[in-house]
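Good morning, and thank you for coming.

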Amino acid sequence: MQIALVDDDRNILTTVSIALQSEGFATRLYSDGETALKALLDNPPDLAVFDIKMPKMDGMELLRRLREHSPLPVIFLTSKDDESDEEAGLELGADDYIAKPFSLRLLIARIRAILRRADPVTGGDGEIGPPEAAQACLTRGRLFMDPARHHITWDGLPVSLTVTEFLILEALAVRPGVIKSRNQLMDAAYPDDVFVDDRTVDSHIKRMRRKFRMVDREFGAIDTLYGAGYSFTDG
């Protein structure tokens, strides 16, 4: 599988490339958006990871122009706590985002999850019938979730969530009515060695609600229990 990395920080390019190659991925490295755009369109990789803050053409413009021609899966890197970057990137069509400084383990996990979603038959690694393909679909009232294909519908209408949002929602929907603390939701969505604060979970929940309300203005299945956490109501 080919992963394109776009960042003007040579240290990040080198570090991430070495980590991905150790996991069996091939990498292509680009230090600016202009060069990367032509390469991504002329010879598309399987997935791209790129920074938002870059000279010549920043990550937002690169994503916007890429989406005019290609559905290539994209993970973008943002500055820590810069929610405006995160929301803008997702609205432009990014598949997920990771805030700097980031865990290489988390980045690799997100890459694998998005590749599985893009290619559920092979699991994104060329092997037929991965364990994830056997995961049971989940139906809770009007919610349908297919973990193997990262597919979600509400009342039969598709809802597009990032990998992180999907994992948080799945943790809530598995046991409707049960309150899950922020720590429990963080454990479901992030590897053990990745620290995120409470506001990160709150931001994911806010974005999920907004996405569901795009298909159902009355959506209210994710309840906030102040001081305790969140729960899913399937009624």
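**Confidence first**

Where pLDDT is low, the predicted coordinates should not be read in detail. The chain as a whole averages a pLDDT of 84, and 85% of the residues score at least 70.

Two remarks on conventions. This is a predicted model, in which local features need pLDDT of at least 70 and side-chain atom pairs count only at pLDDT 80 or more, while totals for chains, interfaces and linings use all residues. Residues are numbered from 1 along each chain as its sequence is written, and side-chain values use heavy atoms, with hydrogens and water left out.

Let me turn to strand β3, residues 47–51. Helices (H or I, at least four residues) and strands (E, at least two) are DSSP runs, numbered from the N terminus. How many of the five residues of β3 are buried? Five of the five are, so the strand is largely enclosed by the rest of the structure. Buried here means under 20% relative accessible area, exposed means over 50%, and partly exposed lies in between, with a 1.4 Å probe and protein chains only.

In a regular strand the side chains alternate between the two faces of the sheet. In β3, L47, V49 and D51 point one way, whereas A48 and F50 point the other way, and all are buried.

Strand β3 pairs in the parallel sense with strand β1, residues 2–6, over four bridges; two strands pair if DSSP finds at least two bridges between them. I3 stands opposite L47 in that pairing. Strand β3 also pairs in the parallel sense with strand β4, residues 74–79, over four bridges, and there D51 stands opposite L77.

L40 lies in helix α2, residues 33–42, and is buried, with a relative accessible area of 1%. Leaving aside residues up to four places away in sequence, L40 touches A4, P45, A48, L66 and L72. L40 and A4 are 36 residues apart in sequence, yet their C-alpha atoms are 8.0 Å apart in space.

One of those contacts, L66, is also among the buried residues of helix α3, residues 59–67, which are G59, M60, L62, L63 and L66. Seen down the axis of α3, these residues fall within an arc of 165°, so they line one face of the helix; the arc is that of the directions from the helix axis to the C-beta atoms. The N-terminal end of α3 is capped by D58, a side-chain oxygen of which lies 3.2 Å from the backbone nitrogen of M60.

In helix α7, residues 182–189, the buried residues are R182, L185, M186 and A189. They cover an arc of only 100° around the axis, which puts them on the same side of α7.

**The open sheet**

Four strands form an open sheet in the order β6-β7-β8-β9, with antiparallel pairing. Its edge strands are β6 (138–140) and β9 (157–158), each of which pairs on one side only. Strand β7, residues 143–146, and strand β8, residues 151–154, pair over four bridges, and the bridge partner of F144 in β8 is T153.

In the loop between β8 and β9 we find D155. D155 has a positive phi of about 55° although it is not a glycine, and it is partly exposed, with a relative accessible area of 46%.

**Two further loops**

K56, in the loop between β3 and α3, also has a positive phi, near 70°, in a residue other than glycine. Is K56 buried or exposed? At 66% relative accessibility, K56 counts as exposed.

Finally, the loop between β5 (96–100) and α5 (104–118) holds S103 as well as P101. K100 and P101 are joined by a cis peptide bond, with omega about -10°. S103 counts as buried, at 15% relative accessibility, and its side chain reaches the backbone nitrogen of R105 at 3.2 Å.

Thank you. I would be glad to take questions.

Technical notes
Polar contact = N/O pair within 3.5 Å; in protein donor to acceptor, adjacent residues only side chain to side chain. pLDDT = per-residue confidence, 0-100. Contact = heavy atoms within 4.5 Å.
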